[in-house]
Amino acid sequence: MTVTHEAVPGGGPKRSVPRRRRPLTFDRVSFMVVFLGLPLAVFVIFVVSPFAQALWYSMTDWSGFSSGMNFVGFDNYVKLFHDDIFLKAVRNNVLLAIVVPIVTIVLSLTLATLVTIGGSGTGTIRGLRNAGFYRIISFFPYVIPAIVIGLIWAQVFTPSSGILDAALSKIGLEQFKDYAWLGEAKTAMPASMFVMIWGAVGFYMVLFIAAIRGIDPEVFEAARIDGAGRFRTAISLTVPLIRDNVQTAYIYLGIAALDAFVYMQALNPGGGPQNSTLVMPQQLFTTAFSKGQFGYSTAMGVVLAAVTMLFALVVFTVNALTGGRDQRKAKVGR
Amino acid sequence: MTTPNPLSRRLFLQRAAVGTLLATGGSTLLAACAGSGSNDNGSNTGGGTKSADNPFGMADKATVEAIIFNGGYGYDYVTFAADIAQKKHAGSTFKVSPSTQIAQQLQPRFVGGNPPDLIDNSGANQIGFNTILDQLAPLDDVFEANNYEGTKIADTLYPGAKIPGTFDGKFIAMNYVLTLYGLWYSDSLFKENGWEPPKTYDALLDLGAKAKAKGKYLFVWGKEAATYYHTMAVDGAIKEGGDEVRLGLENLKENVWSMPQFQGIFKALETMVKNGYFVPGGAGTQFTAAQAKWSNDQQAILYPSGSWIENEMKKATKAGFNMKGIPEPTLTDAPKLPYESLRSAAGEPFIVPAKGKNLAGGKELLRAMLSKEAATNFAKTRLAPTIVKGLVPADGFGSTALQSQSAMLDAAGTNIFDYQVFGLYGMNTDQLVVWNSFLSGQIDAAGLTKGLQQITDKVRNDSSVKKIPVTK
């Protein structure tokens, strides 16, 4: 008869002996089935299998309304890369994925810094006076659904009757009288980007505020004692310390920008002047439902998914190459 | 004491994953083929016996489901017809539901093989006809049947009622509302200023100058409806050059947009854009807001549109506007088809899917809609005639626009034409982009020609798009 080591509280010198597994009782098996098997099944059925299905459909000529379809291999993809309108949409999406996240993050980080550590230079570290008020105000746009934001701004941009034209002509900028902000190829994309950024800044500001609050205030106090100004503190302290949050925000915003369907559909349902605001999901939508080419549009969806994953990969790589990984290691090591 | 663990946690997870993958993998394959389910020919005629009162043999106590596009005309006119049909077929249920997302809502039902019995396939989200052609029931027998008043339906309709719903020789869509395309204006405004409604593009240019002198614009456009000018130009060119132009378009000919008829009209439009005869900023204006600049603010004096315009702008039309319509202008005063000829086609295509549960019921509801009572109700409440002729009184139920519609139709006689190419191949979205650029002056007539030709060429060269040749 031996006494198992586990039975000795505190462990003996031979603690390294592998712990014996408990026997597989009905309880444990049923537990595993319910808490592991079931979620896994749900995930595979509702998440993984549609992906597989999409891949299959993208290689057919399915019209979307019939029951029959033929396998056409990679024809749809070949066609895609010769489709000037779709390629234009890809370019627009890429442009959005570059500009919208950068501007949004810079703006929201600035605001977050102001309301958390941008306040008085004496006493404890705090934000501007009435910081709570600003925080609430800038969060407002996020409470409004994207479609409503789009429709409101479409009205603001309307020539002659929109607020923007009226305001600009009032202050003497007569050249903007009757200017179609969303109707000119030069301004349609910047105007649409502005709306997306306007809608997102509040949320990311709140996200960054939470991140900054998580930093030990003594770090900021120490920096201040060393003579660092507010700008220097923000660049050299805040940004590196909340680097992970910034990366997450960049990826979220990038995915939102690669979609952008709701905003663009509300602002310029037709894709904008010379297709300057057309995005992939819009083209996918018309191809599927008004042109009745589901196979082809599924191929567009697959490309969209590929571009999104590529985007995430690029962001991770850039972050790692610029020192994000060392930072994390340092943090873990600490 | 030492029972070796037969199933480590990791192994269990692996096996669970593989198991679920296998299980769902199988269902994935099944689902991937879900598209190919239910191929049985469900052309159930209804199960009832055919008789004079029941020409399609609808079963007793059957249910009929209709999905109606809820747009400018609403959908209660079908409910009205359903009530009439209900009275004829006591015990049966006619269910009419509205929808604004026809394609999105009905796509899974077409795939699943259980579409509704009657659909008004209309609006911005209509299903492209070339995708569902082979799933629709031919409707010839509806027009052969007698209406509720006992007359053969075909004899009660305007000539050519079948044309817009006939694809590849198969009549599968009954277009209910008679639509004609013209140029609309305020009679009172024109009288006040002593202007003549223009018949040619030269006259249009003259009028543009006169309007400008009064501080008004000739035309206005909205971003979603820039292609109304496309319709005006195409119709003008067809009147100018006859069938040659029309068949060239319908059959997606190379260089069709370079024909002199188009070039003359595009040049004239280019001059109008350059001279500032269009209200600026249309490419950024929502179309009904733009239309109100014509019907309410009277900034613009003319608007090219279909005859639905009166109903559409009913609430945004200035009192005493006296809306009237004239045929679309031609390039010269000696066109091949007379100036009075019209593009007129019935709109609001009603279709009966061949796989519907109650094919006969769908047709029966169509018969009710074509009854005198239902058609009169439509004309009276929507101020638009249906394809059932002779139901609009001389006073047009008090509407000057409706009066002028009757006058235009009378003057046109048999000189009625129509084409389907742009709707059939879903080209409107792409054309909108080009027309918005053109009307805002970003591209000239040559750019417009190039843009439109590219769209046509793209469809022609796409082997995956089924082409429907048009020969007459």
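A residue is classed as buried when its relative accessible area is under 20%. In this predicted model, B:Arg246 therefore counts as buried, at 10% relative accessibility, whereas B:Asp243 is partly exposed, with a relative accessible area of 44%. The side chains of these two residues, B:Arg246 and B:Asp243, form a salt bridge with an N to O distance of 3.1 Å. Both belong to helix α9 (residues 243-250) of chain B and are separated by three residues, about one turn of the helix.

Strand β9 (residues 342-351) of chain B is mostly covered, with ten of its ten residues buried. By contrast, strand β10 (residues 416-417) of chain B and β9(B) pair in the parallel sense, over two bridges, with B:Ile416 as the bridge partner of B:Leu342.

A salt bridge of 3.0 Å (N to O) links the side chains of B:Arg343 and B:Asp418. Because B:Arg343 lies in strand β9 and B:Asp418 in the loop between β10 and α16 (421-424) of chain B, this pair ties together parts that are 75 residues apart in sequence. Both B:Arg343 and B:Asp418 are buried. Elsewhere, A:Asp83, A:Asp84 and B:Lys458 are joined into one network by salt bridges that share partners. Over all chains, the whole structure contains 17 salt bridges.

Technical notes:
Residues are numbered from 1 along each chain as its sequence is written. Chains are lettered from A and ligands numbered from 1 in the order in which they are written. This is a predicted model: local features need pLDDT of at least 70, side-chain atom pairs count only at pLDDT 80 or more; totals for chains, interfaces and linings use all residues. Side-chain values use heavy atoms; hydrogens and water are left out. Buried means under 20% relative accessible area, exposed over 50%, partly exposed in between (1.4 Å probe, protein chains only). Helices (H or I, at least four residues) and strands (E, at least two) are DSSP runs, numbered from the N terminus. Two strands pair if DSSP finds at least two bridges between them. A salt bridge is a side-chain nitrogen of Lys or Arg within 4 Å of a carboxyl oxygen of Asp or Glu.
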